[in-house]
Amino acid sequence: MRRTARLFLASALTLAGSVAIALPQLAAPAEAAATTVNSVRLNGYEATLLADINSARTSHGLRALAVTAGTTDVARRWAWHLAGAQFLSHNPSLASAIGSAGSSAWGMVSENVGNAPYDDPAMLFSAYMNSAPHRANILDPQARYIGVGVVDRGDTAWNTLDFTDAYSSSYGVTRVPAQGLPTDARTVTTTTSLASFESRPDQRFSSVSSSGVAASLLHFTGPTSGNDRAYATFTRKGTSGHGDVYMRDALNLSHVRSIGMQLGSSDSRRVAVPVQVLLTRAYGDTVSLGTIRVGGGAHWFTVSVPSTGRDLQDTLTLRVSNTSLSTAGGSATLSVYAVSANV
């Protein structure tokens, strides 16, 4: 099967005109691993595209673009949309989304979208650079900040690049964790701590609302001398739905027999809150590891990983249902202190 990259272009949003500049194609470096750049955690495909873009800019006398958390959240949300739709299009709410994600003072906003094989960011970068309008966005001298989102579905990586000229760090850390790509996968071969919160916020974690349950942003304590945690509060707003705290990472669990979690909850009625534990691969299978009852304080829970859940997994989810919140008085806070994989 022929491997190709596809692009889609819409007019850039700007307060000043932009000019397309014809430049030669640049060679792209080898794919990077998942990494943190400018305090933003990127998967390997995202990191490679960012490196390629900044290499192109600096080689033509332009300043490198700073990847930012808010702009990356906007790009990732649209990349998830593209992967779900399996159709390239531009974000019709780009200007307002960028403005609400740390760039309220923007003077220019532009976007590139495209797709390519899931393991070949160089092909996508070359396609962008060989298209004059997409290249003009990459090499726009007005641009200062970039958001990069890549989501794979099957053999295809769906990408969004968002560019702007203004950003405020008051937005905080990313709220849409990078997808864990197969090319970034870690094989767990010994009992391993997967997460704790003693140093800084962990950008693999987030919270999400669904239907009749509202979820707060995920908060992090620490570093302190105590037992630091990530936590979110879920509030019942209707008669259905659920709220999640989740960790997204590329993990090969083929040797893992169980997952340990140190969890706690608090609510007005002081009852143990039922929490469903799920393993999910994006656009793949979801495996339930069972339901545990999480009470006050920090307690360790262990759930077995069945053979069906030991393939590459992307997301560990802790789900609080609408029914669980009803028994808890309509609201509950779920805290995660640590996660481990047990071989």
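**Pockets of the predicted model**

Strand β11 contributes the most to the lining of the largest pocket, supplying six residues. The structure described here is a predicted model. The largest pocket has a volume of about 600 Å³, and its lining comprises 34 residues. Of these, R175, S206, S207, V208 and Y246 lie nearest the centre of the pocket. Two or more lining residues come from each of the elements α2 (69-85), β11 (205-210), β13 (219-220), β15 (242-252), β17 (273-280) and β20 (312-321). In terms of residue class, the lining of the largest pocket consists of 14 nonpolar, 13 polar and seven charged residues.

Strand β10 provides the most, with three residues. The lining of the second largest pocket divides into ten nonpolar, ten polar and five charged residues.

Confidence in the prediction was also examined. The average pLDDT of the chain is 89, and 91% of the residues score at least 70. Over residues 10-30, however, pLDDT stays under 50. For this segment, the model has 40 contacts beyond four places in sequence.

Terms used:
Residues are numbered from 1 along each chain as its sequence is written. This is a predicted model: local features need pLDDT of at least 70, side-chain atom pairs count only at pLDDT 80 or more; totals for chains, interfaces and linings use all residues. Side-chain values use heavy atoms; hydrogens and water are left out. pLDDT is the predictor's confidence in each residue, from 0 to 100. Contact means heavy atoms within 4.5 Å. On a 1 Å grid over the protein atoms alone, a cavity is a set of points where a 1.4 Å probe fits but cannot get out, and a pocket is an open set with protein on both sides within 12 Å along at least five of seven lines; lining residues have an atom within 4 Å of a point. Grid points are joined across faces, edges and corners, and a volume is the space filled by probe spheres set on the points. Helices (H or I, at least four residues) and strands (E, at least two) are DSSP runs, numbered from the N terminus. Ala, Val, Leu, Ile, Met, Phe, Trp, Tyr, Cys and Pro count as nonpolar, Asp, Glu, Lys and Arg as charged, and the others, Gly among them, as polar.
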